[in-house]
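Look it over before reading the answers.

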Amino acid sequence: MQIEPNPKHLVRISARGDAVPLVMCHAIGGTVLFYHHLSRGLTGERPLYAIQAQGIEAGEEPLDDVQSLAARCISMIAKRKDMDIASIHLGGYSFGCFVALEMARLIEASGRKPRSVVLLAPSPIPNQISVDADTVEVE
């Protein structure tokens, strides 16, 4: 399955300011335009980006596991010259919280650490996902 990210899936929601950006993962529906409401509530001068799901665009195969989603998101951010994966704030809404946590786990496994992980209204944990203090794993 293709994990190579489409660069237009990293959507700039708000470009104001030059503070460390907040990068949000898509919710279960895959779209990210609802993050526009979040951008209006952010104080200060912080850019806000959101990562849309693969499979929204015609001809794209959707990814079906959290590890692949997280790896794709990391790859997309890593290709940006203006973002350092270890210095951004990661986040997610609902299902996107699982992706953000897995991204943080993968980044930490590589010896780096995101600045923070922001979880907005995390989904209840389904039976196939087990969580402990150090990892989030999909069985």
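The questions below concern a predicted model and cover salt bridges, surface, a glycine and aromatic rings.

Q: Which residue forms a salt bridge with Asp84, and how many residues apart in sequence are the parts that the pair ties together?
A: The partner of Asp84 is Arg112, with the closest N and O atoms 2.7 Å apart. Asp84 sits in the loop between H2 and strand E4 (89–93), while Arg112 sits in the loop between helix H3 (96–109) and E5, so the pair links parts that are 28 residues apart in sequence. The names and value are therefore Arg112 and 28 residues.

Q: Is Glu102 buried or exposed?
A: Glu102 forms a salt bridge with Arg105, the closest N and O atoms being 2.7 Å apart. The two are three residues apart in helix H3, so about one helical turn separates them. Arg105 is partly exposed at 26% relative accessible area. Glu102 has a relative accessible area of 0%, and since buried means under 20%, the word is buried.

Q: Which residues make the nonpolar surface patch of about 190 Å²?
A: Patch members need over 30% relative accessible area. Val117, in strand E5 (residues 116–120), passes because its value is 32%. The patch is made by Leu101, Val117 and Leu119.

Q: What distance separates the C-alpha atoms of Gly55 and Gly30?
A: Gly55 is in the loop between strand E3 (48–51) and helix H2 (66–78). Gly30 is 25 residues away along the chain. Their C-alpha separation is 8.1 Å.

Q: Which residues does Gly55 touch, not counting residues up to four places away in sequence?
A: Gly55 counts as partly exposed, at 28% relative accessibility. Contact means heavy atoms within 4.5 Å. With residues up to four places away in sequence left out, Gly55 touches Glu60, Glu61 and Pro62.

Q: Which residues form one aromatic cluster?
A: Rings pair if their centres lie within 6.5 Å. By this rule there are three aromatic pairs. One cluster is formed by Phe34, Tyr35 and Tyr93.

Terms used. Residues numbered from 1 in each chain as written. Predicted model: local features only at pLDDT ≥ 70, side-chain atom pairs only at ≥ 80, totals over all residues. Heavy atoms only, no water. Patch = residues over 30% accessible without salt bridge, like charges linked within 9 Å, V, L, I, M, F, W, Y side chains within 5 Å. Areas by Shrake-Rupley, 256 points an atom, 1.4 Å probe, with all protein chains shown as cover. Salt bridge = Lys/Arg side-chain N within 4 Å of Asp/Glu carboxyl O. Helix = DSSP H or I, 4+ residues; strand = E, 2+ residues; numbered from the N terminus. Buried < 20%, exposed > 50% of the residue type's maximum accessible area, 1.4 Å probe, protein only. Phe/Tyr/Trp six-rings, centres within 6.5 Å; stacked < 30°, edge-to-face > 60°.
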